[in-house]
Amino acid sequence: MTISYNWLKEYIDIPETAENIGKVLTSTGLEVEKVEEHETVRGGLKGLVLGTVLTCTRHPNADKLSLTTVDVGGERPLSIVCGAPNVAADQKVVVAVPGTTIYPTQGEPFTIKLAKIRGEQSEGMICAEDEIGLGESHAGIIVLTSPEALVLPNGTPAAQYYNIASDYIFEIGLTPNRADAASHMGVARDIRASQKRVIRWPAVDHFTIDNQNLTIKVSVEATQACPRYSGVTLAGVKVAESPAWLKNRLLAIGISPINNIVDITNFVCHELGQPMHAFDADKITGKKVVVKTLPAGTKFTTLDNKERTLLATDLMICNAEEGMCIAGVFGGATSGITGQTQNIFLESAYFSPDTVRKSSQHHQLKTDASFRFERGTDPEITVYALKRAALLIQEIAGGKVSSDIIDVYPSKIDRRTIVVKDKNVDRLIGKNIPREEAFAILEGLDIQIIDRQVDQYTVSVPPYRVDVLQEADVVEEILRIYGFNNIPLSDTARTDFLAEFPVKSIDKYKRSMGEMLVANGFYEIWTNSLTNKAYQQKHQLSFTGSPVEILNKLSEEQGVLRQTLLFSGLEVCAYNINRRQRDLKLYEFGKIYYKDGGKYHEEDRLSLFMTGNVETENWRHKTQAVAYYDLGQHVQHILSKSGISSVQQENIEHQLLEYGSKLLRGNIEIGTLGKVKTALLKDFGIKQEIFFADLNTSLLFQSATPKLVIQEVAKFPEVRRDLSLVLDRQVHFSEISSLVMATEKRLIKDIIAFDVYEGENIPAGKKAYALGFTLLDETKTLTDEEIEKTMTRLMQAFETKLGAVIRK
């Protein structure tokens, strides 16, 4: 990537030499591979001056030559023999004085010397365009007629008049992750952060809409491939050659000028990093632009007059009838800007990087636009770039803005938020960098500090920084601007990273859960993954996807891979019950399998089975049959040990259960639990109740955290208050608990239901809850008044939101 030193200085103050600023850029990670001096015109017109022809007479010894005297601001006029047919007295001309080396458009450079031509002394040369590299014309000498030229004193350097300045070009080895620096403003941003300077963004405040005479409708059908599309029309433009300053800017970075409209879109691309495209508005059929894909095999002719066969994934900019441009890659042959164009439609968009890359790779088209789009441009800058280009077009090519700015942006691409811990910044860098200095660096890179805490802070990263995705990336941004050379090396080499130990392992998780279940009286079972398809066929059961059948099955009883752990678990229960082992608590970590959409899937599940009595009969306790709540308690232990909180319970109707619940964390289902249907138990010859839980092991593991939060024991006493209330039968304890936490979260530390009653003295459809509340203020001892106020607010909430009757 090439960056112009002079161009860069338009946006930020750079007192350093080109060589020194190259070192600054390299230190920030933008490696400057080469710095070269550049001249828009070879030789930079050095030695050429402006002069006035004082006299012009015919050469005595040659019919086609003239003898002239020319004032070039010296002590005396120069005598020059000239062969141009258009030379005349009183002309303002460009003169090469003796000793000047000139660089013609064609051929090798040569030096002007004192000479005799047909016997007459010649002390220089009055120049034509092609003789000094300003053009191709050799029809005659350059005659300057502009008011600016006429008022300049003789002897003024021609380079000053033509605004020819030497420039330096940085060749930057841009790495693929630094798409943000693929422009002059992007490079200026790094200099701003490194040198603590201010960037001057081009002003677009005076952009105005002149009329609504040329409206182009825009429809974006492929919103994934084109999240944002902006456009505007300009009418009455005059396509012509670009002014010298614009051509010089483009030539300096190796871009050949084409015409003023196309040159402006290229200028803005390299200024802001936002690729743009200009369409001839009169060639947009139906006055409609549609962003979509075309059928695979569609033929399309690009600007290089090659016919290309489109893929179904190629994103196209189309009119009402046909494609006009391969989006973000290359324009079409028929819709571009020509010398006859009067009305234009300007496009400024954000295209999906992977979409552009696929098209660019397939069609072998590498352009400045595709280079930027496939690495990731700034979705927030499209309208600004549009205004910038429109104002430049009006300045250079005239025209009126003839429509509102169209901006199709259905789903905004948000900035990323990342939490950065001070200890990790210091650890990864190896040196303590003052916070304020780190903040200044980040804000200089447009990374905002949105939250500051004692030991960490949160940053907001703009979407164009596609390489800043995690905490370590933010630390890298601080380090590269602070300077790798400013970090002292330690005595010993070492590496560091942000990964926390120990590494999470699902096998370790299963072992930990299994140990807990065994400690609570469960036995682990391992069952066969092959099962009998008849189990689900008899009861017309359906599961996710379709069963995976075995091609060479040994028997029908083992003909398919299981889609639930229930049936193989019931086989184990039946085997034990038939051998008079009726009190069972079993668990299994296993897989289920299914086929969906032509693909095979498998999932890790954890199943629990409980049946018989809670504990073996003994003289101290009466026997008590296992109930749904006993299974629920063990499921809650699993969730708690996994560090999972805020789980909602919903009653469900389930094809395998008489009654039960599903467990939700947000909108994600973790599992189900309930009483197995009697009809299913009969198939296995089981006559006692069995309670079954089915949990998604992968979701449990992904949510699990091994971290423990250690908290000091409260110094102030807890207070227990009980409350009895009558509620509708449909109200669950989870609803009561949620309401309590929403009403009095600060003081209520725990809530239990120590009795639930339905029957005599309770109205039909109602039930009575006896609730116990634990209150605690960790900063002081609670007073009776505070306790009463808290309980009063709770009772009011129960009455108004749950329709409860308080029993007193």
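Which residues does Ile172 touch, not counting residues up to four places away in sequence? With contact taken as heavy atoms within 4.5 Å, Ile172 touches Met1, Ile3, Leu25, Leu30, Glu31, Val32 and Val187.

Colleagues, a word on the basis of this talk. This is a predicted model, in which local features need pLDDT of at least 70 and side-chain atom pairs count only at pLDDT 80 or more, while totals for chains, interfaces and linings use all residues. Residues are numbered from 1 along each chain as its sequence is written, and side-chain values use heavy atoms, with hydrogens and water left out.

I begin with the cores. A nonpolar core here is a set of buried Ala, Val, Leu, Ile, Met, Phe, Trp, Tyr and Cys residues joined through side-chain atoms within 4.5 Å, where buried means under 20% relative accessible area, exposed over 50% and partly exposed in between, with a 1.4 Å probe and protein chains only. The largest nonpolar core has 56 residues, and those with the most contacts inside it are Ile172, Val187, Leu234, Ile261, Val268, Leu346 and Ile393. Its largest share, nine residues, comes from α10. A second, separate core of 32 residues includes Leu294, Leu310, Met316 and Cys318.

I turn to helix packing. Helices are DSSP runs of H or I with at least four residues, strands are runs of E with at least two, and both are numbered from the N terminus. Axes are lines fitted to C-alpha atoms over the stretch in contact, and angles run from 0 to 180 degrees between N-to-C directions.

Helix α7 (residues 260-272) packs on helix α10 (residues 382-397) at an angle of about 140°, the axes being 10 Å apart. The two are therefore oblique to each other; angles under 35 degrees count as roughly parallel, over 145 as roughly antiparallel, 65 to 115 as roughly perpendicular and the rest as oblique. Among the residues making this contact are Ile261 and Val268 of α7 and Ile393 of α10.

Helix α14 (residues 506-519) and α17 likewise pack at an angle of about 140°, with axes 11 Å apart, and are therefore oblique. Tyr509, Ser512, Met513, Met516 and Leu517 in α14 meet His637, Ile638 and Lys641 in α17.

Finally, Ala627 lies in the loop between β34 (599-611) and α17 (628-641). At 27% relative accessibility, Ala627 counts as partly exposed. Ala627 and Ile690 are 63 residues apart in sequence and 8.9 Å apart in space, C-alpha to C-alpha.
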